[in-house]
Amino acid sequence: MWTEVLVAIAAALVAALIGWPLVPLLLRLTHAGPGTRPAHTGAEDVEVLRGGLWIGIVERALIAGAIVLGRPELMAVVIAVKGLGRFAEIKSSAAAGERFIIGTFVSIALASLLGVIGWAIVA
């Protein structure tokens with residue numbers, strides 16, 4: 001049992017730390033790709049989705065740990081809480097909604113990958 005907990009903690013830490021620079025990098029790349037940049041209406045705050053860095057770190061840690069411990073259904077809880085907490089910001093700004101979706105998908109994919117690797121180690 002302690003082995004599972006230690007692997008879950010290790011996967012959570014690795015997911016949180018690897019995602020810390022990776023997710024913002026991929027978000028910056030979305031503005032450099034084809035298509036148009038979102039129009040600034042003046043309503044968007046310069047700090048779009050403030051606190052997103054820390055929310056993402058916690059999100060990745062919880063998801064990776066949950067998968068290692070064989071509780072992937074907890075991903076739904078994490079995503080639901082994150083979505084409900086950000087609903088007003090996502091609704092008010094197209095740019096915030098786009099960043100939320102891209103950031104969440106990248107974060108979940110990375111955490112899931114590391115969680116499955118940890119789960120395979122335990123199994």
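Q: Where is the place of Glu59?
A: Glu59 lies in helix H2, residues 52-68; helices are DSSP runs of H or I with at least four residues, numbered from the N terminus. The model is predicted, and local features need pLDDT of at least 70, while side-chain atom pairs count only at pLDDT 80 or more. Residues are numbered from 1 along each chain, and side-chain values use heavy atoms, without hydrogens and water.

Q: Why is Glu59 called buried?
A: The relative accessible area of Glu59 is 2%. Buried means under 20%, exposed over 50% and partly exposed in between, with a 1.4 Å probe and protein chains only, so Glu59 counts as buried.

Q: What makes the pair of Glu59 and Lys82 a polar contact?
A: Their side chains are joined at 2.8 Å. A polar contact is a pair of N or O atoms within 3.5 Å, one able to donate a hydrogen and the other to accept it within protein; residues adjacent in sequence count only if both atoms are side-chain atoms. The side chain of Lys82 also makes a polar contact of 2.8 Å with that of Thr104, a residue of helix H4.

Q: Why are H1 and H4 called roughly antiparallel?
A: Helix H1 (residues 2-30) and helix H4 (residues 94-122) pack at an angle of about 150 degrees. Angles over 145 degrees count as roughly antiparallel, under 35 as roughly parallel, 65 to 115 as roughly perpendicular and the rest as oblique; H1 and H4 are therefore roughly antiparallel.

Key: Axes fitted to C-alpha atoms, helices over the stretch in contact; angles between N-to-C directions. Helix = DSSP H or I, 4+ residues; strand = E, 2+ residues; numbered from the N terminus.
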